[in-house]
Amino acid sequence: MTSATSFTPGDRDPNREPLTVRRIGFGAMRLTGTPMSDDRDVASVDRFRSIAVLRRAVELGVNHIDTAAFYISPMRSANELINSALGPYPDDLLIATKVGPGVDPDGKRYTARPDQLRLQVEENLRQLGRDHLDLVYLRRMRQDSIAEDFGALAELREAGLIRHLGVSNARLTHLVEAQRIAPVVAVENRFSLESRLDEDVLHACAEQNIAFVPYFAIAGEGREAGFGARETVREVDEAVAQIAKRHEATPAQVRLAWTLHQGPNVLAIPGTSSLAHLEENVAAGELELSGEDLTQLNSHYSAEQVTEAGGASAPEVSDTRK
Ligand SMILES: NC(=O)c1ccc[n+]([C@@H]2O[C@H](COP(=O)([O-])OP(=O)(O)OC[C@H]3O[C@@H](n4cnc5c(N)ncnc54)[C@H](OP(=O)(O)O)[C@@H]3O)[C@@H](O)[C@H]2O)c1
């Protein structure tokens with residue numbers, strides 16, 4: 001895992017230091033059990049295992065962790081696990097979080113109004129035990145315009161609660177809209193071998209040296225249900241399996257390596273609650289795919305396979321904003 005990518009506002013804001021991270025990071029959503037589940041029976045990830053996974057990730061050189069206050073199950077909170085496992089935090093650790101979706105004290109899911117975003121930022125600060133947040137994404141739910149929401153976060157950035165801002169589940173129009181308000185250092189969108197949503201956003205990020213952070217890089221169309229939930233073996237899975245065999249690697253590693261081949265500004269945040277998978281995922285940073293591998297992988301892609309970018313892995317609620 002030799003190469004690194006920066007979250008940098010560049011000349012968009014020369015007063016803020018870029019934050020440089022290794023390209024394989026870690027997504028914390030899987031640490032709590034089934035994402036966003038209300039079912040107590042599935043909140044089964046062992047707390048000590050989750051803590052061990054986080055500590056091992058840092059030992060292996062991971063210095064970018066993606067989380068959210070809404071990564072909770074009835075028994076677990078990803079932010080609390082991160083704080084317990086890693087606090088006091090290593091100096092070079094970047095913790096990225098997301099606001100917008102939320103879960104109120106009664107367990108009811110909501111989408112924050114702009115004036116509620118400060119409370120969500122403070123909730124993350126409290127849970128993570130920090131006095132500022134390194135990187136906060138506005139996770140768009142169903143709003144067409146994010147100007148008011150992003151404007152509220154820009155004020156918190158000016159106030160010193162947030163160092164850098166990003167957008168998530170963003171179409172190109174949202175990226176442009178946000179950039180008119182404050183520098184955007186990262187976009188976190190669903191993107192995988194078979195779900196190449198918003199390629200125009202990927203290209204805009206490459207052109208402007210904005211970090212592009214895909215989620216579901218391994219899970220693909222399995223989405224919240226996970227990688228193992230994928231039932232159909234399609235041509236793309238067969239190609240992945242063949243390439244994995246050629247490199248003595250695993251399918252998950254090939255998917256992550258393909259992700260990193262999408263550009264030097266692209267990062268990976270694989271999520272797992274398994275130590276063995278974590279080790280595999282970090283090692284995927286060293287897997288070099290050949291031109292032939294990439295051609296084979298890309299030849300099975302058809303834009304028609306793509307399903308709509310939904311509100312994945314954020315509380316699905318009707319818009320409760322007034
Ligand atoms: N901005 C957003 O709206 C949004 C939405 C979703 C997710 N995210 C972020 O993106 C991160 C990544 O997404 P994700 O965790 O859902 O999906 P992912 O990393 O694409 O895949 C995770 C799934 O693959 C399995 N897995 C992981 N490594 C594996 C390996 N080496 N071999 C076989 N299976 C493996 C995991 O199960 P095991 O636990 O059994 O390994 C889990 O089922 C999340 O953790 C979260 O931080 C953001």
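User: At roughly what angle do the axes of helix 7 (residues 235–246) and helix 8 (residues 251–260) cross?

Analyst: They cross at roughly 100°, and the two axes come within 8 Å. An axis here is a line fitted to C-alpha atoms, for helices over the stretch in contact, and angles run from 0 to 180 degrees between N-to-C directions. Keep in mind that this is a predicted model, where local features need pLDDT of at least 70, side-chain atom pairs count only at pLDDT 80 or more, and totals for chains, interfaces and linings use all residues. Residues are numbered from 1 along each chain as its sequence is written.

User: So what are helix 7 and helix 8 called: parallel or perpendicular to each other?

Analyst: Set the value against the cut-offs: under 35 degrees is roughly parallel, over 145 roughly antiparallel, 65 to 115 roughly perpendicular, and the rest oblique. The axes cross at roughly 100°, so helix 7 and helix 8 are roughly perpendicular.

User: Which residues of helix 7 and helix 8 meet?

Analyst: From helix 7 you get Val 240, Ala 241, Ile 243 and Ala 244, and they meet Pro 251, Gln 253, Val 254 and Arg 255 from helix 8. Two residues are in contact if their C-beta atoms, placed from the backbone, lie within 7 Å. Sorted by type, the contact of helix 7 with helix 8 has six nonpolar residues, one polar and one charged. Nonpolar covers Ala, Val, Leu, Ile, Met, Phe, Trp, Tyr, Cys and Pro, charged covers Asp, Glu, Lys and Arg, and the others, Gly among them, are polar.

User: How many helices and strands does the protein chain have?

Analyst: The chain has 10 helices and 13 strands. Both are DSSP runs numbered from the N terminus: helices are H or I with at least four residues, strands are E with at least two.

User: What is the order of the strands in the open sheet of seven?

Analyst: The order is 3-4-7-10-11-12-13, with parallel pairing. Two strands pair if DSSP finds at least two bridges between them.

User: What makes strand 3 and strand 13 edge strands?

Analyst: Each of them, strand 3 (26–27) and strand 13 (211–215), pairs on one side only. The partner of strand 13 is strand 12 (residues 186–190), and that parallel pair has five bridges. One of the bridge pairs is Val 187 with Phe 212.

User: How do you know that strand 10 and strand 11 are joined?

Analyst: Count the bridges: six of them link strand 10 (residues 133–139) with strand 11, and the two run parallel. Leu 138, for instance, has Val 167 as its bridge partner in strand 11. Between these strands the chain passes through helix 4 (residues 147–158), and the β-α-β crossover is right-handed. That name means that, with the strands pointing away from the viewer, the path from the first strand over the helix to the second runs clockwise.

User: How many bridges pair strand 11 with strand 12?

Analyst: Three, again in the parallel sense. Gly 166 has Ala 186 as its bridge partner in strand 12. The crossover from strand 11 through helix 5 (residues 172–179) to strand 12 is right-handed.

User: What makes Asn 169 count as buried or exposed?

Analyst: Count other C-beta atoms within 10 Å of its own, with C-beta atoms placed from the backbone: 20 or more is buried, 12 or fewer is exposed, and in between is partly exposed. Asn 169 has 28, so it is buried. Asn 169 sits in the loop between strand 11 and helix 5, and its phi is near 55°, positive although it isn't a glycine.

User: How do you know whether Phe 227 is buried or partly exposed?

Analyst: Phe 227 has 17 other C-beta atoms within 10 Å, so it ends up as partly exposed. Its place is the loop between strand 13 and helix 7. Beyond its neighbours within four places in sequence, Phe 227 is in contact with Ile 218, Ala 219, Gly 222 and Ala 252.

User: And what about Asp 198, buried or exposed?

Analyst: Its count is 24, so Asp 198 is buried. Asp 198 lies in the loop between strand 12 and helix 6 (199–208), with a positive phi of about 55°.

User: Which peptide bond is cis?

Analyst: The one from Gly 87 to Pro 88 is cis, with omega near -10°. Pro 88 is in the loop between helix 2 (78–86) and strand 7 (94–99).
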